[in-house]
Amino acid sequence: MLSFPELINVIIAVSVLLLESIARVIAHLVRFLVPEALTKSVLKLVSSYFPFKDGHKQDPVLDMDCARLIRYRGYPVELHTVETSDGFFITLFRIPNGRASIDRLPDQKTLSNKHPVFFMHGFLQSSEAWVLRDSKGCLPFILADEGYDVWLGNVRGNRYGYKHRYFSPRSRQFWNFGMDEMARIDLPIQLEYARKVSGASKITYIGFSQGTAIAFAAFSVLPDLASKISLFVALAPSTRVHGLKNPIIESLVACDPNIVYLIFGRRRLLSIALFWRRILPPDMFSHVIDISTRLLFGWKSENLSTKEKPRLYAHLYSYGSVKTMVHWFQVIVNSRFQMYDDQDAVTKKKYPGHLPPLYPVNQIGCPVALFFGGSDPLPDTEWLLHEINEPVYVHCQEEYEHLDFQWAASAPKLVYPKIVELVHVHGNKETS
């Protein structure tokens, strides 16, 4: 049972969600009944009272999909679709080589046999998150220019995994998945597909946040898959995680999952973010995201460029399942990097004799490099460092928060060269 303060916090959270729903209905009616020109004028007037100005209206990157983002920067792109064993169709994006030879430096390194490098995004993201800057600011572009065969993966449920052979996204069956399915089904089929198309015996894996979690999970229980990984680079590595900063959200985390499902449903999670992304001007939406992440996680986002934030945040969210969020809640409450608990309640409160299986990260057999932030309160990095079996490289960027490893303005200088060197060392071992 929840304590009285926790119950009050849950009531507040539900009230906020109801108010947001009412605001969404009003916004829908306004868009339907009020001329678009008048709506834009009102939003412009409101924006003028905030400490920012909307200067990104003509930014073409705001509404581009992943393929267009890659082409926009002058890189070739291929689209590949795989079907999972349980019927999801997931699109991968391949950058088979760098920009035109006239843009390359004469002394630039190349590999005689292209080694594949696979990227996986974080929670509620898509592959777009990796390719929002120019060739000097995006790690996939940097590695493509270095001669690598770059692949950008996705997971079921996001905009590039939004089709199923049998189920519609409107159905509950479509959304009945979490990290276990991503780790055991989505990730292996994509890695194996990319490796075979590249013609390589091994592949480098670079993950961010949840993209590291599903890799830690997969490589710990699928040794055959781990044996084909030349290097696993974990950015903001997430296995066990600490609680959230907001006490209201913390109370939701501690709830019986049935209550969470009652509040959020059993289908898509946070489609509200995509709605407000369409409604609000880019700079206003950026300001809302800054406020939200500060309330939820305590992030200051000071290492992200203020000028770039509207572009970055425009591609921050994609679809995901409520079940995935519930899985993370179980990890937080039980302080265990575990598989999803199929019981109806948080195990330690109603089923003290039942424990779902752990993902044994200490049994991972491939080389692992860890990059974590000293100012990131979310992952339990101390536990991971104690548990993981001799990582080949550990780097702490003291001033970095969670998103900084993807988007900090300083990442191309402070972090990416270290990653490129690691990929060179382990990739050359595989191709030599």
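Author: Let's start with strands: β1 (residues 78-83) and β2 pair in the antiparallel sense over six bridges. Before going on, note that this is a predicted model, where local features need pLDDT of at least 70 and side-chain atom pairs count only at pLDDT 80 or more, while totals for chains, interfaces and linings use all residues. Residues are numbered from 1 along each chain as its sequence is written, and side-chain values use heavy atoms, with hydrogens and water left out.

Reader: What makes β2 and β4 a pair?

Author: Strands pair if DSSP finds at least two bridges between them. β2 and β4 (residues 149-152) have three, in the antiparallel sense, so they count as paired under that rule. I95 stands opposite V150 in β4. The strands themselves are DSSP runs of E, at least two residues long, and helices are runs of H or I of at least four, numbered from the N terminus.

Reader: How do you know that β5 pairs with β2?

Author: Two bridges join β2 to β5 (residues 163-164), running antiparallel, and the rule asks for at least two, so the pair qualifies. F88 stands opposite H164 in β5.

Reader: Why is I419 called buried?

Author: Buried means under 20% relative accessible area, exposed means over 50%, and partly exposed is in between (1.4 Å probe, protein chains only). I419 has 0%, so it is buried. Its place is in helix α18 (residues 416-431). Leaving aside neighbours within four places in sequence, I419 is in contact (heavy atoms within 4.5 Å) with L139, I206, V233, L235 and F371.

Reader: What makes S209, D376 and H402 a group at one spot?

Author: UniProt lists S209, D376 and H402 for "active site" in an unreviewed entry. They span 194 residues in sequence, yet no two of their C-alpha atoms are more than 11.3 Å apart, so they gather at one spot. UniProt positions are given in the numbering used here, with feature names shortened, and annotations may be inferred rather than shown by experiment.

Reader: Are D376 and H402 buried or exposed?

Author: D376 has a relative accessible area of 9%, so it is buried. H402 is at 3%, so it counts as buried too.

Reader: What makes the H402 and S209 side chains a polar contact?

Author: A polar contact is a pair of N or O atoms within 3.5 Å; within protein, one must be able to donate a hydrogen and the other to accept it, and residues adjacent in sequence count only if both atoms are side-chain atoms. The two side chains make theirs at 2.7 Å.
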